[in-house]
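Let's walk through this protein chain together, one topic at a time. Keep the picture in view as you read.

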Amino acid sequence: MDVQHFERITSFIEARLTPLFAAETGSDNGFAMDDTSRALRALRNAVLEASAVKGLIEKRETAEPAVRRVIDQSVEHHWDVLRGIARQWEDHADFAREFKRHAWELDAAPAAAAQ
């Protein structure tokens, strides 16, 4: 698993969410204090938090074995969060097959080859 996997899935999810916040649609979604807006903000925050793994992945190679296991668990958890969100749009034309895969399945598939 590498950073590119996270970049692609995050881009896919952001492309689905960003129009919901667009001012040109005339929608207050995301900016008001109603439950829908709050849910949209919470979802976007969850996506951004789960996608922030670049530093973890970079530290993994030089980490001690015990720390490496913790990093692996964290990266897998973040991937599972993003995978669960992305699968809500499984029928979308831009949905990539790799978004359905578990973290351990991506370990053997570099991001460039996973497309």
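## A buried arginine and its partner

Arg83 is buried, with a relative accessible area of 11% (buried means under 20% relative accessible area, exposed over 50%, and partly exposed in between, using a 1.4 Å probe and protein chains only). Arg83 pairs up with Asp80 in a salt bridge, where the closest N and O atoms are 3.4 Å apart (a salt bridge is a side-chain nitrogen of Lys or Arg within 4 Å of a carboxyl oxygen of Asp or Glu). Asp80 is partly exposed at 35%.

A quick word on the model: it is predicted, so local features need pLDDT of at least 70 and side-chain atom pairs count only at pLDDT 80 or more, while totals for chains, interfaces and linings use all residues. Residues are numbered from 1 along each chain as its sequence is written, and side-chain values use heavy atoms, with hydrogens and water left out.

## The overall build

What does the chain's secondary structure come to? It has six helices and zero strands (helices are DSSP runs of H or I with at least four residues, strands are runs of E with at least two, and both are numbered from the N terminus). Of its 115 residues, 34% count as buried.

Glu98 counts as buried at 1% relative accessibility, while Arg8, at 22%, counts as partly exposed.

Glu90 and Arg87 form a salt bridge too, with their closest N and O atoms 3.3 Å apart. Glu90 is partly exposed at 32%, and Arg87 is partly exposed with a relative accessible area of 32%. Then there's a network of salt bridges that links Arg60, Glu61 and Asp72.

## A histidine in helix 4

Is His78 buried or exposed? His78, which has its place in helix 4, counts as buried because its relative accessibility is 14%. Leaving out residues up to four places away in sequence, His78 touches Phe6, Glu49, Ala50 and Val53 (a contact means heavy atoms within 4.5 Å).
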